[in-house]
Protein chains: 2
Amino acid sequence: MKTNNKAIVLVSGGLDSATTLAMAINDGYECYALSFNYHQRNIAELNAAAKIATAFKVKQHKILDLDLTQIGGSALTDDNINVPEQASEGIPVTYVPARNTIFLSFALAYAEVTGACNIFLGINAVDYSGYPDCRPEYIKSFEKMAQLATKAGVEGQNITIHTPLINLSKAEIINTGTRLEVDYSMTVSCYQADEYGRACGLCDSCRFRKEGFLSAGVLDPTHYKDTRQ
Amino acid sequence: MKTNNKAIVLVSGGLDSATTLAMAINDGYECYALSFNYHQRNIAELNAAAKIATAFKVKQHKILDLDLTQIGGSALTDDNINVPEQASEGIPVTYVPARNTIFLSFALAYAEVTGACNIFLGINAVDYSGYPDCRPEYIKSFEKMAQLATKAGVEGQNITIHTPLINLSKAEIINTGTRLEVDYSMTVSCYQADEYGRACGLCDSCRFRKEGFLSAGVLDPTHYKDTRQ
């Protein structure tokens with residue numbers, strides 16, 4: 001099976017994907033960043049993604065327009081469902097139906113066009129255990145399917161989905177990124193950030209992030225809407 | 001494992017997917033049609049898809065806007081690659097990178113939102129043996145992944161990808177559809193049909209279709225640009 005050092009890195013604008021990109025570059029991969037304008041509430045994420053891609057001097061940054069509100073079914077893509085401010089039982093309402101499968105499918109198409117054998121995805125099974133498509137068994141299964149789905153796979157190229165954060169805690173992710181000089185003030189994690197990228201400090205994503213900086217012992221550089229946070 | 005009779009049916013506007021929809025309805029499935037405006041050259045297909053969905057009285061018909069020209073890499077989505085008028089060796093240039101994976105991913109999302117356990121896809125491994133994502137082993141692999149990817153799968157619903165045409169010849173597909181009273185004059189298969197849905201009669205897709213009607217012994221109702229065909 002043939003392989004190469006070209007990689008598609010999914011860059012959302014958040015803390016996790018910025019760290020993933022830094023790790024891929026540090027490991028010697030030639031990186032192509034891929035972001036989605038999926039008409040998410042948090043459009044500030046996309047501005048952050050562009051800043052991060054530029055800061056890391058990626059080979060190319062592609063932003064795909066992908067209106068997931070056409071499907072709906074999640075607090076992140078459907079205006080009729082509110083983003084909760086407290087953790088909930090089971091699969092959260094912020095889960096977007098088949099989102100990672102859709103994102104990885106486009107990454108796979110982009111990999112075919114660029115000739116990349118690698119896809120990096122900054123998912124995490126620790127903090128987001130409620131999301132079915134953040135589990136290692138799901139990723140392994142996608143990888144097998146990708147091998148059968150593509151021209152590259154059929155022609156003997158080995159397609160690998162890398163998820164270097166999957167078993168790390170938020171604090172470990174932040175410590176890794178800090179060692180690799182990621183400027184976390186550029187990243188936006190909040191589900192309902194304002195147009196300036198300022199975070200609410202209350203949603204699931206903000207709480208994980210805040211606790212992460214605290215337990216990593218790293219100063220939290222997040223811009224909050226309410227400066228008392 | 002739980003299941004139900006709700007089904008997402010991918011309807012392209014072509015002969016194969018129209019037959020697949022007829023088969024799903026005949027088998028008692030409650031059908032939701034899904035089409036993609038993927039900025040393909042053949043926009044006439046979408047008009048055909050709408051007609052077919054209406055004719056079969058589907059529960060809902062969703063047309064997703066999905067600009068695959070943003071990815072490129074195929075004669076069908078990249079203006080710099082020409083559609084060939086002769087069969088070629090290996091994987092054809094009309095192969096769209098990871099197309100079926102992208103389409104099935106959206107079908108999976110739509111299945112989650114509607115609560116459907118079934119997805120119908122009119123792919124065929126006989127005529128399109130050059131496409132990696134038209135093979136049974138690919139479909140089985142996607143099905144396994146879908147089970148792990150989704151809330152429904154995790155909660156015990158059995159997700160099935162049905163490909164009733166996969167081992168049929170074009171003639172068998174046409175005979176099946178004719179028995180189920182599919183009006184094939186509504187369908188468009190040509191890769192470069194004009195805005196009225198008239199076919200070139202020369203591309204791979206036209207040739208398979210023409211030969212199919214011939215060997216099925218069914219009158220070819222296709223509208224051709226050149227009426228001598």
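In what sense do strand 1 and strand 2 of chain A pair, and over how many bridges?

A: Strand 1 (residues 6-10) and strand 2 (residues 30-37) of chain A pair in the parallel sense, over five bridges. The model is predicted: local features need pLDDT of at least 70, side-chain atom pairs count only at pLDDT 80 or more, and totals for chains, interfaces and linings use all residues. Residues are numbered from 1 along each chain as its sequence is written, while chains are lettered from A and ligands numbered from 1 in the order in which they are written.

Strands (E, at least two residues) and helices (H or I, at least four) are DSSP runs, numbered from the N terminus. Two strands pair if DSSP finds at least two bridges between them. Leu10(A) has Leu34(A) as its bridge partner in strand 2 of chain A.

The pair belongs to an open sheet of five strands in chain A, ordered 3-2-1-4-5, with parallel pairing. Strand 3 and strand 5 (160-162) of chain A are the edges, each pairing on one side only. Neighbouring strands are turned by 25° against each other on average, direction ignored.

Helix 1 (residues 15-26) of chain A packs on the sheet. Helix 1 touches strand 1, strand 2 and strand 4 (118-120) of chain A; contact means C-beta atoms, placed from the backbone, within 7 Å. The direction of helix 1 makes about 170° with that of strand 1 of chain A. Axes are lines fitted to C-alpha atoms, for helices over the stretch in contact, and angles run from 0 to 180 degrees between N-to-C directions. Helix 2 (residues 44-55) of chain A lies across strand 2 and strand 3 of chain A, at about 170° to strand 2.

Methods. Two residues are in contact if their C-beta atoms, placed from the backbone, lie within 7 Å.
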